[in-house]
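Welcome! Please open the structure in your viewer and keep the selection tool handy, and we will walk through it together.

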Amino acid sequence: MVIAIPIFGSRVSPRFDHAQELLLIKEAEGRVVESKRVIFGDSGPLERVARLAALHTNVVICGGISGFLARQLAFRGVRVYSWVTGEAEDALGCFLTGQLETGLMAGPRGPCGRWRLGRGGRGRGGHRGRRGPGG
Amino acid sequence: MSRNSSELPSPTHGDVILNSIADGVFTVDLDWNITFFNSAAERITGISRDQAIGQRCFDVFRASICETACALRQTIDGDKEIIDLKANIMNAAGETIPISISTAVLRDEAGDVVGGVETFRDLSAIEALRKEITKEYTFEDIISKNRDIRRIFDVLPDIAQSESTVLIEGPSGSGKELFARAIHNLSPRKDGPYVVVNCGALPDTLLESELFGHVRGAFTDARSDRDGRFARASGGTIFLDEIGDTSSALQVRLLRVLQEREYERLGSSDTVKADVRVIAASNRKLSELLAGGVFREDLYFRLNVVKIVLPPLVNRREDIPLLVEYFVRRFNLRQGKEIQGVSGEVMDVLMAYGYPGNVRELENIIEHAFVLCRGHEIEVGHLPGEIRLVPAERPEKTRHFGENPLQQAEAIAILEALRKHGGHRRLAAAELGIDKTTLWRKMKKLEITYP
């Protein structure tokens with residue numbers, strides 16, 4: 001399984017579409033067999049989606065992501081855990097132990113909190129309310 | 001440098017002042033932990049003060065510049081104030097909000113830096129108006145939770161990235177041009193021109209000259225050389241609307257452009273290369289025009305590389321409340337009004353209406369209501385007369401049948417068919433695929449009357 005975490009330093013990047021780097025992890029039987037950093041740079045959001053698909057990514061653990069991009073990833077078979085905060089290693093640990101959820105605050109000893117559903121509807125499947133003209 | 005947030009001045013009545021202003025304000029300590037978050041910041045980000053305080057600012061604010069050009073970092077580390085820096089944030093709903101940012105350092109009584117303050121202004125309204133002028137729409141600007149439209153969303157980015165010719169079919173007002181623009185704006189040609197040609201709006205000879213250009217002397221009034229729309233769209237995208245209305249002769253010329261990627265200006269034998277992506281649209285099914293010999297089969301197959309079929313608004317009623325909300329917001333901006341929305345009764349009428357003019361007609365209905373509405377809510381009396389139902393036909397009448405959604409749907413479908421055919425029962429029954437007597441029986445059962 002390939003897990004991708006857009007990162008900001010050692011933490012989960014706050015924005016999928018503006019993350020400069022990606023932590024790419026290969027996991028087998030619950031263990032990390034390979035981990036490397038990949039430069040995302042200033043590539044556009046759809047290029048990021050295409051690149052993750054090309055890297056055979058199965059899971060993305062990220063911070064903020066628009067509903068549109070989350071759906072684009074899901075359409076390509078990528079499972080998305082969004083609105084995750086904390087150290088990337090902690091988030092990965094939560095995932096490997098089956099404790100990761102969308103909106104989770106990851107701590108060194110597992111989940112240490114959760115973003116409550118905000119007024120805007122944050123949370124699992126909480127992307128909604130497109131802005132713009134009809135069509 | 002101290003990194004103790006407790007050294008920040010405790011907010012007291014300054015707090016009250018900061019909570020009363022329209023701009024978002026937050027402060028951070030030297031570890032980038034949020035120490036103050038005002039009411040406007042809560043509103044703009046969608047994150048409550050309780051959630052925000054103590055969190056890293058970038059995990060809450062999620063600005064486009066957090067990782068590469070953090071304004072607060074520049075201010076605290078470089079002692080440089082930032083004023084009106086444009087950026088965007090992602091709110092709790094996953095929406096991108098354009099903002100302008102200003103920052104300053106916070107010092108304690110001894111003059112030591114103890115943190116920073118950031119104020120930010122929501123520019124959504126200005127950005128919405130700018131988009132309306134520049135039409136820089138992307139798929140994220142298209143409102144829909146309809147399953148068919150969402151399926152189109154899934155594949156459209158791939159379509160946009162390709163160079164393939166796209167055919168968009170859908171009834172008038174269903175948003176064909178919006179999709180075409182969004183494809184262009186997401187494509188590698190987005191920095192090139194986007195040229196629209198309504199093929200149904202011009203006579204054939206004029207359209208030929210418009211599309212391909214002409215040289216001096218090509219026809220009586222051709223006093224100088226003139227580039228056509230294909231030349232003007234070079235490096236970009238040309239949108240050929242109502243392509244089903246073109247003549248056979250013009251279809252042959254268009255076929256050549258699509259096949260050979262080249263054409264000649266009128267009156268010239270010089271060949272011009274066409275570096276253009278073609279998006280064509282039709283409000284009629286081109287496949288049906290083939291049978292009547294109105295449209296060339298070879299051109300159809302050249303155009304039909306990727307086909308997108310947009311449903312009429314009646315087939316995506318679930319989008320009506322979203323669209324109404326959007327149009328109310330837009331007309332508030334345009335007209336400087338503060339209308340909150342539509343009454344429940346109006347929404348019932350809008351949900352039941354047939355929309356032969358699709359989304360464009362809904363937009364016109366809301367614009368009409370805005371002209372007449374003096375209060376804060378659009379009432380039935382503000383709607384155009386033709387869409388108002390006589391009392392007996394109003395959807396609330398259908399509530400008489402209880403909560404049975406099947407009967408509700410049946411009543412709405414019958415009313416729509418009757419309205420569409422001006423109350424003509426035989427035509428309405430034919431449209432519904434039922435016998436006239438069955439229609440009469442159902443109308444009686446559902447207590448539907450129509451003049």
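Start by selecting chain A. Among its contacts between residues with a separation of 6 or more, 39% join residues 24 or more positions apart. This is a predicted model, and its scores are ipTM 0.83 and pTM 0.68.

**Stop 1: chain A as a whole**

Switch to a cartoon view of chain A and you will find three helices and nine strands. Follow the chain from the N terminus and the elements come in the order β-β-β-β-α-β-α-β-β-α-β-β. Of the 135 residues in chain A, 48% count as buried.

Now colour chain A by pLDDT. The mean is 83, and 84% of the residues reach 70 or more. Select residues 117-135 of chain A, where the pLDDT is below 50; this stretch still has 59 contacts in the model beyond near neighbours in sequence. Where pLDDT is low, the predicted coordinates should not be read in detail.

**Stop 2: a nonpolar core**

Next, select Ile5(A), Ile61(A) and Ala91(A). In the largest nonpolar core, which has 140 residues, these three touch the most other members. What does Ile5(A) touch, not counting residues up to four places away in sequence? Its partners are Val12(A), Leu22(A), Leu23(A), Ile61(A), Ala88(A), Ala91(A) and Leu92(A). As background, nonpolar side chains in soluble globular proteins tend to be buried together.

**Stop 3: a glycine in a loop**

Stay in chain A and select Gly103(A), in the loop between α3 (88-96) and β8 (104-107). Is Gly103(A) buried or exposed? Gly103(A) is buried, because 20 other C-beta atoms lie within 10 Å.

**Stop 4: over to chain B**

Select chain B, which has 20 helices and 16 strands. Of its 451 residues, 38% count as buried. Residues 24 or more positions apart make up 64% of the chain B contacts with a separation of 6 or more.

The average pLDDT of chain B is 86, and 92% of its residues score at least 70.

**Stop 5: one side of a helix**

Select helix α5 of chain B, residues 71-78, and show Ala71(B), Leu72(B), Thr75(B) and Ile76(B), which are buried. These residues lie on the same side of α5(B), because they cover an arc of only 115 degrees around the axis. What covers the buried residues of α5(B)? The cover includes β1 (24-28), α4 (57-61), β3 (82-90), β4 (96-107) and β5 (113-122) of chain B. Just after α5(B), click on Asp79(B), which takes a positive phi of about 50 degrees.

**Stop 6**

Move to Trp32(B), in the loop between β1 and β2 (34-37) of chain B. Trp32(B) is not a glycine, yet its phi is positive, at about 65 degrees. With 18 other C-beta atoms within 10 Å, Trp32(B) is partly exposed.

Then jump to Tyr355(B), in the loop between α15 (344-352) and α16 (358-372) of chain B. Tyr355(B) also has a positive phi, near 45 degrees. Tyr355(B) is buried, with 22 other C-beta atoms within 10 Å.

**Stop 7: a buried histidine**

Select His184(B) in helix α8 of chain B, residues 176-186. His184(B) has 26 other C-beta atoms within 10 Å, so it is buried. Leaving aside neighbours within four places in sequence, His184(B) is in contact with Arg189(B), Lys190(B), Tyr194(B) and Thr237(B).

**Stop 8: two crossing helices**

Finish with α19 (residues 425-432) and α20 (residues 436-446) of chain B. They pack at an angle of about 95 degrees, with their axes 8 Å apart, which means that α19(B) is roughly perpendicular to α20(B). To view the contact, show Arg425(B), Arg426(B), Ala428(B), Ala429(B) and Leu432(B) from α19(B), together with Lys436(B), Thr438(B), Leu439(B) and Trp440(B) from α20(B).

Notes:
Residues are numbered from 1 along each chain as its sequence is written. Chains are lettered from A and ligands numbered from 1 in the order in which they are written. This is a predicted model: local features need pLDDT of at least 70, side-chain atom pairs count only at pLDDT 80 or more; totals for chains, interfaces and linings use all residues. A residue is buried if 20 or more other C-beta atoms lie within 10 Å of its own, exposed if 12 or fewer, and partly exposed in between; C-beta atoms are placed from the backbone. Helices (H or I, at least four residues) and strands (E, at least two) are DSSP runs, numbered from the N terminus. The arc is that of the directions from the helix axis to the C-beta atoms. Two residues are in contact if their C-beta atoms, placed from the backbone, lie within 7 Å. A nonpolar core is a set of buried Ala, Val, Leu, Ile, Met, Phe, Trp, Tyr and Cys residues joined through C-beta atoms within 7 Å. pLDDT is the predictor's confidence in each residue, from 0 to 100. Axes are lines fitted to C-alpha atoms, for helices over the stretch in contact, and angles run from 0 to 180 degrees between N-to-C directions. Angles under 35 degrees count as roughly parallel, over 145 as roughly antiparallel, 65 to 115 as roughly perpendicular and the rest as oblique.
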